[in-house]
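Let's take a guided walk through this protein together. Have the sequence and the model open, and we will go from the sheet to the helices and then to the pockets.

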Amino acid sequence: MIILSIESSCDETAAAVTENGRRVLSSEVHSQIDIHTLYGGVVPELASRSHIQAVQKLSELALRDAGIRRKDIGAVAVTAAPGLIGAVLVGVSFAKAAALALGVPVIPVHHIRGHVAANYIAFPELEPPFACLVASGGNSLILDVRGYTDYRVLGSTRDDAAGECFDKAARVLGIGYPGGAQIDALAQSGDPEKYPLPRSRIEGHPFDMSFSGLKTAVVNLAHNAKQSGKELDLPSLAASLCRAVSDTLVSRTVEAARELGYGKLAVAGGVAANSVIRRSLLREAEKSGIRCYLAPLEYCGDNAAMIGCQGYYEYLAGVRGSSALNARATLSPDSDSCRF
Ligand code: KG4
C-alpha cells in the first residue's frame, strides 16, 4: 500500500511517500524558519501562506523522488489535528483535493500519533505496547501506546511545552530562533550546576508537568543581568536549562515506563533531538532495565514520512476522512475523535 502523506501543522511543509507504513520511499521537508526568524516566533498567517505556496511543489517532488506514478498511490494521509488552524487547513484541503482527483481515500492523522510513528520507521522491530515521550514546540506528553491506534495520555504539560520554554529562553537571551538546537549546542561547553532552576511537581498527578515557571526563571535571570549590567555565562545557563528540562521529562517518562511494565519506551518530537535529554533517557532507562528507542534526529522534527507511517495503521484500523473532513486546532491523541 503506497501512501502520499502531507504535513503542514506548524512551520514546516512536508510531503512523503511511504510503502506499507514503515518503508520511506521519499521525504521532502520545507522549513519556514527564514520567514519567521524576523519575528522571533511563528506568525500563523505567514505560515499558512507559505504552506499554500509549497505544498503542491513538494508533493510533486516526493512522487518524483519515490519513482512512482500517480496511479500507484493507494491513499493520501494528512495531519488533520492539532496545530495552527490555518496551517492545518492548507494540508487538509490539499489532501482532500488530491485524494478526490486520484480516486483514493484520504486518511486523517493526529500529529502526535505521527511523531510516535517516527519510531516505527527507524526501528523495524518496534511494536506497541510501549511508553512514549513526545516533546515538541507545542506539546509535552507522556503516552501509553497500547496499540497502533490505541493511546492513553498519562501526563501532559499544564501550560507551556518544553520546546516553547527553549524557544522563549533563546529569544530573551538573543540566541536566535528556533532556539532549542542552539541552546543544546551552547550547553555543550557550560556548567549545568551553575544556575539553580526550578523543576515542577504537580501534587496528585505524577506524570503531569509545567514549564512556565522554568521559562519565567530564565527570563528573570536575563532581565536582572541586563538591569545590573552583569554578563550571564550563556553556555552554563543553556546547560542548566537543558538539565532542568531533562530532569523533568526523563524522571516522569522512565517512571511511567516502569509502572506500565512493557520494558520499552520511545521518544519523539523536536525536543527529543536534545542531546542532554537523549543521554539521560538512555542512562536512566538502562538502569531500570527498559529498552529505550530514540527516534533519529531526521525524524524528530516535523516531517510527512511519520504521518504516512501512522496513516497506514489508521487505514488498517478503518479510518477514512469524509468529504466533510475538517482541520482541528486542538485534539487529544487518545480521543475517539482521532477517527475524525
Ligand atoms: O516537533 P517539532 O519540529 O515541531 C512541533 O511540532 O512543534 O519541534 C520543534 C521544537 C522547537 O521548540 C525547537 O526549539 C525544538 O523542537 N528543538 C530542540 C532541539 N531541536 C529542536 N529543543 C531542544 N534541543 C534540541 N536539540
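This is a predicted model: local features need pLDDT of at least 70, side-chain atom pairs count only at pLDDT 80 or more; totals for chains, interfaces and linings use all residues.

Residues are numbered from 1 along each chain as its sequence is written, and side-chain values use heavy atoms, with hydrogens and water left out.

Start with the open sheet, whose 5 strands run in the order β3-β2-β1-β4-β5 with mixed pairing. Strands here are DSSP runs of E with at least two residues, and helices are runs of H or I with at least four, numbered from the N terminus; two strands pair if DSSP finds at least two bridges between them. β3 and β5 (106–110) stand at the edges with a single partner strand each, so one side of each has no neighbour in the sheet. β4 (residues 73–81) pairs with β5 in the parallel sense over 5 bridges, and alanine 77 stands opposite isoleucine 107 in β5.

Two helices pack on this sheet. α3 (residues 85–102) touches β1 (2–7), β4 and β5, and its direction makes about 160 degrees with that of β4. α11 (residues 305–316) touches β1, β2 (12–19), β3, β4 and β5, at about 125 degrees to the direction of β1. Contact means heavy atoms within 4.5 Å, and angles run from 0 to 180 degrees between N-to-C directions, with axes fitted to C-alpha atoms, for helices over the stretch in contact.

Now look at α5 and α6, which pack at an angle of about 75 degrees with their axes 8 Å apart. They are therefore roughly perpendicular to each other, a label that covers 65 to 115 degrees. Phe166, Asp167, Ala169 and Ala170 in α5 meet Gly179, Gly180 and Ile183 in α6.

What is the volume of the largest pocket? It is about 1300 Å³. Of the 50 residues that line this pocket, the closest to its centre are Cys10, Ser136, Gly137, Gly138 and Asp167. A pocket is an open set of points on a 1 Å grid over the protein atoms alone, where a 1.4 Å probe fits, with protein on both sides within 12 Å along at least five of seven lines; lining residues have an atom within 4 Å of a point. The volume is the space filled by probe spheres set on the points, which are joined across faces, edges and corners. α5 gives the largest share of this lining, 6 residues.

Definitions and conventions. Angles under 35 degrees count as roughly parallel, over 145 as roughly antiparallel, 65 to 115 as roughly perpendicular and the rest as oblique.
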